[in-house]
Structure formats: C-alpha cells, structure tokens
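This report describes one protein chain.

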Amino acid sequence: MAEMGSKGVTAGKIASNVQKKLTRAQEKVLQKLGKADETKDEQFEQCVQNFNKQLTEGTRLQKDLRTYLASVKAMHEASKKLNECLQEVYEPDWPGRDEANKIAENNDLLWLDYHQKLVDQALLTMDTYLGQFPDIKSRIAKRGRKLVDYDSARHHYESLQTAKKKDEAKIAKAEEELIKAQKVFEEMNVDLQEELPSLWNSRVGFYVNTFQSIAGLEENFHKEMSKLNQNLNDVLVSLEKQHGSNTFTVKAQPSDNAPAKGNKSPSPPPDGSPAATPEIRVNHEPEPPSSATAGASLPKSPSQPAEASEVAGGTHPAAGAQEPGETAASEAASSSLPAVVVETFSATVNGTVEGGSGVGRLDLPPGFMFKVQAQHDYVATDTDELQLKAGDVVLVIPFQNPEEQDEGWLMGVKESDWNQHKELEKCRGVFPENFTERVQ
C-alpha cells in the first residue's frame, strides 16, 4: 500500500509539473501575441545582462589562463631538454661540471614551483570564482518561470473577476493561487536583486587579485631564473678561460650551394638563375693615362694583401708604360688576388671604373666598386640585410671590416635609396650575391 501511495504521489507530481509547463507555454504565447501583459523589471534585466557578460568574461579568462599554464609547462619541458643536452655534452674532466648539473636541477625545480603556484594562486581561484555562476544562472531561470506563473495566476484571477457569471469559490481559489505565486516569485526576486549587483561589483577585485598574483609570480620567477642563468654563464666563462686556446670562432665556409651568412643561408634562386658568383672580367688592355688618374694611387683596403696594396699604390708601372712581358706578369699577379681587388686594380690602372663611374664621384657612395641588378626577389631575414625586388639596382661597396664579410655576401646600397638619402648609415646592407647579376 505504501508503494502504491508513493507511486500515486509521484504520478500526481508529474501531472502537476506537466500542467504547469502547459500553463506557462500558453501564457508566453499570449504575451508574445500581445493578448496578455507581461510583468517587466528593467533594473533586473540590466542585472541579468551584466551577469551574462561577467560569466562570458570569466569563462574566457579561465580558458586563456589554462592556455598560459600549458605554455609554461611546454617551456619547462623545453628548458629541461636543453639542460639535459648540456649535461650530456659537458665532459667529466671539464671544470664546473658539478655546478652546471646543480644549476640544471635548480632550473627544473624553479619551473615546477612556478607552475604549481600559478595553479594554486590563479587557476584554483579562477575555478572557485566561476563555480558560483551555475547556481545563480539556475536561479535566474527559475525566477523567470515563477514570473510566468505569477502572470498566469494574475490573468486567471482577473478573468474570473470580469466574467459575466461570477463563481465566488473559483475567484477565492484563484486569489489564493495568485497570492502564493506572487510570494514565491518575490522571495526569489528579492534575493537575486541583492546578489546580482554584489556579484557584478566583485569582478573588479577579482581581476585585480588574479593579475597581481600572476604578475608577482612571474616577476619572482624571472628574478630567480636570472640568477641561475648568471651562475651558468659564470661556469661557462670559467670553462672558456681554462680552454682559451681552443676558443671556437665562427668563420664562413666555402660552399658550392647558396652562400651562408653567419648561421643563415638565403634560399637559392630559381632554376636558370645566374651563378652564385658572377664572372669578373679584368681588362688589361693599356689605355693612355689621363691627367686625373696618372698619378692616382689605389687606397689600401683592410682586406687587400700587402703586395696588392704596393702594386696599386704606385710601385707598379703605369698602364700606358707596360710592356707585353709586364702585362703577362700583371695577369699572373692578378690571378692570385681576390676578385674584388683584381677588379679595383684593373679599374684604377685604366683610369676608370667599368661602366664609366669613377670611385671618387660625388653622386656615388664612397668606395663604390660596381653595380648589380637583382634577378629575383629576396626577403631580408635580419636588420642588416637589404630587401630586394627583381630589377632593383644595387651599388656595391666594400665592407668596413673585411673580416665581417661572409662567403657569397656583398655589401651595398640600393641605387634608389642612395639617390634619395645620400646616407650610407641608413641605406646600406648585405645581400646574397647569387640573387643578383652584375650590370656594370
């Protein structure tokens, strides 16, 4: 019997809930059609809008914070792998091995501590903050349903009062239901009217505390990490001093492929492009010396061998005075000099630079050697490189420090930039020779 009673109560409750849903649906339809008025509370609606905005912002912050933590974890793993590599290559007999290993351990612990503190002081606080929203959201939805029940009860009571045939019993029952619906709605409404503004205002303090915690943790982390990095640097400096004679120097290595600049290589030009090093032709045919160049001497370049400097400086006979035997000797000497020196030497002996542009002309940059034209686009990958478009003309000049010149790279300034600015410091840069072709 008890079970039947229990089932009967359950069935009755279900039927009641179904009836409520039908009544609410009917009431909403009538309100939308304008056949029934709807209780409005603009102040509460504004609170609901603020609530939804606050929930959206909090959800996004939680997502971005989790992404940040994932990035910290990834950086930790990368740092750990890097330190493991150092430990493997650090040979047992090298000084500072134990210190380097200890620094690696402290580095790992520091990353772990940083990640855990971010979880405790930021992520968990974020989760707690967002944890209050589902309950309030549910109560807002319930308040909306109770408001519909209240409007429905009010409309039912009003319709009975305005009916031609009044049934006092039905009117009394409807009034009782109206009072009950109004009481339930107002209790929920009052609570939410107090909680929603308070929750909205709390967001400021929460955002401040969250980002202060993140900023403070990151600041302390970088301070401690900076100390560890300084200690590691001291260990490596000590190692370098003890093995000073074996200091590693980065030098450009000749290659048959695209030239290298430091640790970078420009992409090779498309098939069918000119060779990496354009052919340099030296003109040894004697020409009558002019008054402007007969006594001129070639300035000594830092990269020019002493022998070449002496030859260019005037110890070599003038081009007009060379005998056939001397011409052959000149060709033999030229073959042992760098291409740029040979070209400059030839141009000076003949009195002009190929193409008719003198080295000392005011409309060309100091030290101008020759012109090249870009055959392909080149995208600069460093601040000291020139950005080239196919067709750009570049005025080639020598490196200030010849030791800085890498195999296959030239120093120059785009002709358009030089004509506009006339300032080398702003315009000059390096570029891959195999992307260009000499024009004069």
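## His76 and its surroundings

The side chains of His76 and Asp108 are joined by a polar contact of 2.5 Å. A polar contact here is a pair of N or O atoms within 3.5 Å; within protein, one must be able to donate a hydrogen and the other to accept it, and residues adjacent in sequence count only if both atoms are side-chain atoms. His76 is part of helix 2, which covers residues 42–89. Helices (H or I, at least four residues) and strands (E, at least two) are DSSP runs, numbered from the N terminus.

His76 counts as buried because its relative accessibility is 8%. The classes are buried (under 20% relative accessible area), exposed (over 50%) and partly exposed (in between), with a 1.4 Å probe and protein chains only. Leaving out residues up to four places away in sequence, His76 touches Asp108, Trp111 and Leu112; contact means heavy atoms within 4.5 Å.

## Basis of the model

This is a predicted model, in which local features need pLDDT of at least 70 and side-chain atom pairs count only at pLDDT 80 or more, while totals for chains, interfaces and linings use all residues. Residues are numbered from 1 along each chain as its sequence is written, and side-chain values use heavy atoms, with hydrogens and water left out.

## Confidence

The mean pLDDT of the chain is 76, and 65% of its residues reach 70 or more. Residues 251–263 have pLDDT below 50, and this stretch has 25 contacts in the model beyond near neighbours in sequence. The value pLDDT is the predictor's confidence in each residue, from 0 to 100.

Over residues 273–360 pLDDT also stays under 50. For that stretch the model has 90 contacts beyond four places in sequence.

## The chain as a whole

The chain contains 10 helices and 5 strands. Of its 440 residues, 32% are buried. Among contacts between residues at least 6 apart in sequence, 72% join residues at least 24 apart.

The accessible surface of the chain is about 27800 Å², and 53% of that surface belongs to carbon and sulfur atoms. Accessible areas come from the Shrake-Rupley method with a 1.4 Å probe; for residues, only the protein chains shown count as cover.

## Salt bridges

Side chains of opposite charge can pair when their charged atoms come close. There are 13 salt bridges in the structure, each defined as a side-chain nitrogen of Lys or Arg within 4 Å of a carboxyl oxygen of Asp or Glu. One of them joins Glu195 and Arg139, whose closest N and O atoms are 2.7 Å apart. This pair links distant parts of the chain: Glu195 belongs to helix 5 (residues 168–242) and Arg139 to helix 4 (residues 133–162), 56 residues apart. Glu195 is partly exposed, with a relative accessible area of 31%. A network of salt bridges links Asp135, Arg139 and Glu195.

Within helix 3 (residues 97–131), Lys117 and Asp113 are separated by about one helical turn because they are 4 residues apart. Their side chains meet in a salt bridge of 3.3 Å, N to O. Lys117 is partly exposed at 35% relative accessible area, and Asp113 is partly exposed at 37%. In helix 5, Lys223 and Glu219 are 4 residues apart, so about one helical turn separates them. The side chains of Lys223 and Glu219 form a salt bridge of 3.6 Å, N to O. Lys223 is partly exposed at 46% relative accessibility, as is Glu219 at 45%.

## Strand 1 and its partners

Strand 1 (residues 370–374) is mostly covered, with 4 of its 5 residues buried. Strand 1 pairs with strand 2 (residues 393–397) in the antiparallel sense over 4 bridges; two strands pair if DSSP finds at least two bridges between them. Val396 in strand 2 is the bridge partner of Phe370.

Strand 1 is also joined to strand 5 (residues 436–438) by 3 bridges, and these two strands run antiparallel. There, Gln373 stands opposite Glu437 of strand 5.

## Lys422

Lys422 lies in the loop between helix 9 (415–421) and helix 10 (424–427). The phi angle of Lys422 is near 60°, a positive value in a residue other than glycine. Lys422 counts as partly exposed because its relative accessibility is 40%.
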